[in-house]
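The sequence and the model are shown below.

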Amino acid sequence: MGGLFSLDGTMAIVTGGASGIGAAAARTLAEAGATVAVLDLDRERAAAVADTLPGAPSGSPAASMALACDVADEASVEAAVAQVAERAVPGVLVNCAGIAIRDAATDHPLASWNKVVDVNLTGSFLISRAVARRMIAAGTGGSIVQTASIMGLSGGGVYPNVSYQTTKGALVNMTRALAVEWAGAGIRVNAVAPTYVRTPFIKALLDQPEVMEKIFAMTPLKRLAEPEEVAAAILFLASPAAGMVTGHTLPVDGGFLAQ
Ligand code: NAD
């Protein structure tokens, strides 16, 4: 892929890259020419993704790589970003690491609330900060894409999910705040807001035909999103094609939010 959508020569970090949207984003960015650092809690599954990406052969200096990283742990994030930066200053960061703990708000334990906030919100902040520091120090600028959700732009959905909805809503405004703060350094910050996407994240829902019917009923395009469709929007926001776009959240939602 060339031209406006090319990431040739770019080092890209993808968190949560071992599965689902992150794995699809890693592949799409690599197909656009990026060297991808696939970060995940699970290094083995991250390596299984990194080893199959197109680009330089595994083991060569320009090859994609896999690193263990817990985005909710500051030391783990700092160590992983330092390891990537030894190869090259990252030009792109895509934050896909995320979790949901689905309870009624009145039954939601504090420990569950804190866990979701730590991974979805604090985790996205910690790695955005670590990567932006490198981009600013090197004077290179770059592009950061957060993964929000339609649940960050609406209180609806098929089940109660207050901590998830809260963190995704906060990510939308973190995207605006960081975009404004870092624009002078040439760093663009945007987000995607997917509807339900066919990944292990919603496995419990995929197994319930009546829940699937509800999702189709509330989605004008009447289907789930595929991870590759979210990855395509991520590539747009990460690439020079979106050179004048910053601070925005792009729904990939089959029309959900247009209603
Ligand atoms: P997934 O479960 O397939 O993948 C998530 C990955 O994140 C996993 O590989 C997991 O190991 C990793 N991860 C979890 N906690 C982590 C941590 N602390 N540090 C590092 N890695 C961690 O899920 P997915 O569907 O690909 O979701 C990716 C993102 O998209 C999430 O932020 C999710 O909230 C968001 N999203 C998903 C959907 C959906 O329906 N699948 C919809 C909207 C938004």
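## Residue Pro251

In this predicted model, Pro251 has a relative accessible area of 33%. This value lies between the 20% below which a residue counts as buried and the 50% above which it counts as exposed, so Pro251 is classed as partly exposed. The residue belongs to strand E7.

Apart from neighbours within four places in sequence, Pro251 is in contact with Ala193 and Leu257.

Strand E7 is part of an open sheet of seven strands, ordered E3-E2-E1-E4-E5-E6-E7 and paired in parallel. The edges are formed by strand E3 (65–68) and strand E7 (249–252); each has a single partner strand, so one side of each is left without a neighbour in the sheet. On average, neighbouring strands are turned by 20° against each other, direction ignored.

Strand E1 (residues 11–15) is joined to strand E4 (residues 90–95) by five bridges in the parallel sense. Within this pairing, Thr15 has Asn95 of E4 as its bridge partner. E1 also runs parallel to E2, and five bridges join these two strands; here Ala12 is partnered by Val36 of E2. In general, the strands of a sheet pair through backbone hydrogen bonds, either parallel or antiparallel.

## Burial of strand E2

How many residues of E2 are buried? Six of the six are, so E2 is largely enclosed by the rest of the structure. Both faces of the strand are covered. Thr35, Ala37 and Leu39 are buried on one side, and Val36, Val38 and Asp40 are buried on the other.

Helix H3 (residues 74–87) lies across E1, strand E2 (35–40), E3 and E4, and runs at about 160° to E3. Helix H5 (residues 162–182) also packs on the sheet, where it touches strand E5 (142–147), strand E6 (187–194) and E7. The direction of H5 makes about 160° with that of E6.

## The contact of H3 with H4

H3 also packs with helix H4 (residues 110–138), at an angle of about 35° and with the axes 9 Å apart. The crossing of these two helices is right-handed. On the H3 side, the contact is made by Glu74, Val77, Glu78, Val81, Ala82 and Ala85. H4 contributes Leu126, Ile127, Arg129, Ala130, Val131, Arg133 and Arg134. By class, the contact has eight nonpolar and five charged residues, with no polar residues.

## Overall dimensions

The chain has eight helices and seven strands. Its radius of gyration is 17 Å, close to the 18 Å that the globule rule gives for 259 residues, so the chain is as compact as a globular protein of that length. Along the principal axes, the C-alpha atoms fill a box of roughly 50 × 35 × 35 Å.

Of the 259 residues in the chain, 51% are buried. Among contacts between residues at least 6 apart in sequence, 73% join residues at least 24 apart.

Definitions and conventions:
Residues are numbered from 1 along each chain as its sequence is written. This is a predicted model: local features need pLDDT of at least 70, side-chain atom pairs count only at pLDDT 80 or more; totals for chains, interfaces and linings use all residues. Side-chain values use heavy atoms; hydrogens and water are left out. Two strands pair if DSSP finds at least two bridges between them. Helices (H or I, at least four residues) and strands (E, at least two) are DSSP runs, numbered from the N terminus. Axes are lines fitted to C-alpha atoms, for helices over the stretch in contact, and angles run from 0 to 180 degrees between N-to-C directions. Contact means heavy atoms within 4.5 Å. A crossing is left-handed if the near helix is turned anticlockwise from the far one by less than a right angle, and right-handed if clockwise. Ala, Val, Leu, Ile, Met, Phe, Trp, Tyr, Cys and Pro count as nonpolar, Asp, Glu, Lys and Arg as charged, and the others, Gly among them, as polar. The radius of gyration is taken over C-alpha atoms; the globule rule is 2.2 Å times the number of residues to the power 0.38. Buried means under 20% relative accessible area, exposed over 50%, partly exposed in between (1.4 Å probe, protein chains only).
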